[in-house]
Amino acid sequence: MPARQRGEKRKQRWVGATDAEWAEISEGAQAAGLSNSDYVIRCCLDGKARAGTTDVALPSPVLQRAVKAVLILEELQRLRLVNDGEMGEELWRRAVGAVDAWIEGEGDLG
């Protein structure tokens, strides 16, 4: 969200929302560390900025669950390979190295 220009003041605006909608906005704002107003503005403007792209933002709880699932699967696979002995540990190290190299080659993904 771009910063306000110097001297530009916010004006009070009104939006209609159900109690359930406002509760969802409030939860999202709190999770993002924003006021409800800043959260609504950010969501609207970010959505506008993405309209012409294929970049789809996922809600934070969805991303957190996805990351957790990937990390759990990663740890389970690592343990499986390590339990296979020296050959498994070497495979794990090679896989991690190959992925690190790919990420480094792709630039900053995060």
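**Note on a predicted helical model**

1. Secondary structure. The protein contains four helices and zero strands. Read from the N terminus, its elements follow the order α-α-α-α. The model under review is a predicted one.

2. Burial. The protein has 110 residues, and 5% of them count as buried. The threshold behind this figure is a relative accessible area under 20%.

3. Surface. The accessible surface of the protein amounts to about 9700 Å². Carbon and sulfur atoms contribute 56% of that surface.

4. Contacts along the chain. How much of the contact set with a separation of 6 or more comes from residues 24 or more positions apart? In this protein, such residues account for 23% of those contacts.

5. Cysteine 43 takes part in none, and its nearest cysteine sulfur, which belongs to cysteine 44, is 6.8 Å away. Cysteine 44 is likewise in no disulfide, with the sulfur of cysteine 43 as the nearest cysteine sulfur at 6.8 Å.

6. Exposure of the two cysteines. Is cysteine 44 buried or exposed? Cysteine 44 has a relative accessible area of 51% and is therefore exposed, as the class begins over 50%. Cysteine 43 counts as partly exposed, because its relative accessibility is 39%, a value that falls between the 20% and 50% limits.

Notes
Residues numbered from 1 in each chain as written. Predicted model: local features only at pLDDT ≥ 70, side-chain atom pairs only at ≥ 80, totals over all residues. Heavy atoms only, no water. Disulfide = S-S within 2.5 Å. Buried < 20%, exposed > 50% of the residue type's maximum accessible area, 1.4 Å probe, protein only. Helix = DSSP H or I, 4+ residues; strand = E, 2+ residues; numbered from the N terminus. Contact = heavy atoms within 4.5 Å. Areas by Shrake-Rupley, 256 points an atom, 1.4 Å probe, with all protein chains shown as cover.
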